[in-house]
Amino acid sequence: MRVAEADILNASILIVDDQEANVSLLEQMLGDAGYTRVASTMNPNEVCALHRKNRYDLILLDLQMPGMDGFQVMEGLKTNDADSYLPVLVITAQPGHKLRALQAGAKDFISKPFDLVEVKTRIRNMLEVRLLNKKLENYSKELEQTVQERTAELRESEARYRSLTELASDWYWEQDENGNFTRVSGPVLEMLGIRVDALAGDTGGVQVAGWNEAERKVLQATIAARQPFLDFVFSRVNADGSQQRYQVSGEPMFNQACRFVGYRGIGVELTAKK
């Protein structure tokens, strides 16, 4: 991810210094370098309100000012919850203030008297970092929005799927990765005469005699192999000699990490009890 030259030169910059000569020097230097959105103030009390309104990409902040120094300005800027990044480049003639300023939240510093080459380099470097940070924030927001929209679409699709399958079948079922049923709709117990977990194999359910074991083994093997099955027919003979036939369809489910999470499907009774 790179920042375009035009974006750097179009970044919004605020100069804060109580000395008019310093403000003029920095404004001229930035203008000559091609920066197009440069503002300034000699009143430190205005900085927080100006930043809330304009969301500057960079604030060049003098530390030694009467009434309200640069450290107090930075403390005020931190109260702006809308901006997690403090875009401050401090200006100081006191070497001992540099470390304190960085600890207070400043991202870099410029020493007085000015070395114009150094000043331009530090401003450009900091703007690149700042604009990259904004791009990442915007990308994260867009990604979060996309995930939310996609999740909503999937939930709506899942609801439609369940509604349609329940209308088109006698029962709808879901299993987890261990073969345990997590959702069943319809009169499964009455129709099958067994606990629902017996459909996928012997997982502790009380089974009723009479099932065609060859058919059931084929179904169990298909599920064990995590393969889909369509209109699979299996049957059982009841104690009174009557036969029941059932038709089931199912598909494996996987999460976003492609991990198997279970099965879902539908079933219908083809031959009612006599």
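A quick word on terms: buried means under 20% relative accessible area, exposed means over 50%, and partly exposed is anything in between (1.4 Å probe, protein chains only). This is a predicted model, so local features need pLDDT of at least 70 and side-chain atom pairs count only at pLDDT 80 or more, while totals for chains, interfaces and linings use all residues. Residues are numbered from 1 along each chain as its sequence is written, and side-chain values use heavy atoms, with hydrogens and water left out.

1. Aspartate 231 is partly exposed, because its relative accessible area is 40%. It sits in strand β8 (strands are DSSP runs of E, at least two residues; helices are runs of H or I, at least four; both are numbered from the N terminus). For background, most residues other than glycine have a negative phi, and most peptide bonds are trans.

2. Arginine 226 is another one to look at: its phi is positive, about 60°, and it is not a glycine. You'll find it in the loop between α8 (213-224) and β8 (229-237). With 44% relative accessibility, arginine 226 counts as partly exposed.

3. Check the peptide bond between lysine 112 and proline 113, too: it is cis, with omega about -5°. Proline 113 belongs to the loop that runs between β5 (108-111) and α6 (116-168).

4. Where does threonine 92 sit? It is in strand β4 (residues 88-92), and it counts as buried because its relative accessible area is 2%. A polar atom of its side chain lies 3.0 Å from the backbone nitrogen of glutamine 94. Beyond its neighbours within four places in sequence, threonine 92 is in contact (heavy atoms within 4.5 Å) with Leu63, His97, Lys98, Ile110, Ser111 and Lys112.

5. Strands β6 (residues 171-176) and β7 (residues 181-185) pair in the antiparallel sense, over four bridges; pairing takes at least two DSSP bridges between two strands. Glutamine 175 has phenylalanine 181 in β7 as its bridge partner. The hairpin has four residues between the strands, and glycine 179 in that hairpin takes a positive phi near 85°.

6. On cysteines: how many disulfides are there? The count is zero, taking a disulfide as a pair of cysteine sulfur atoms within 2.5 Å. Cysteine 48 counts as buried because its relative accessibility is 15%, whereas cysteine 258, at 64%, counts as exposed.

Key. A polar contact is a pair of N or O atoms within 3.5 Å; within protein, one must be able to donate a hydrogen and the other to accept it, and residues adjacent in sequence count only if both atoms are side-chain atoms.
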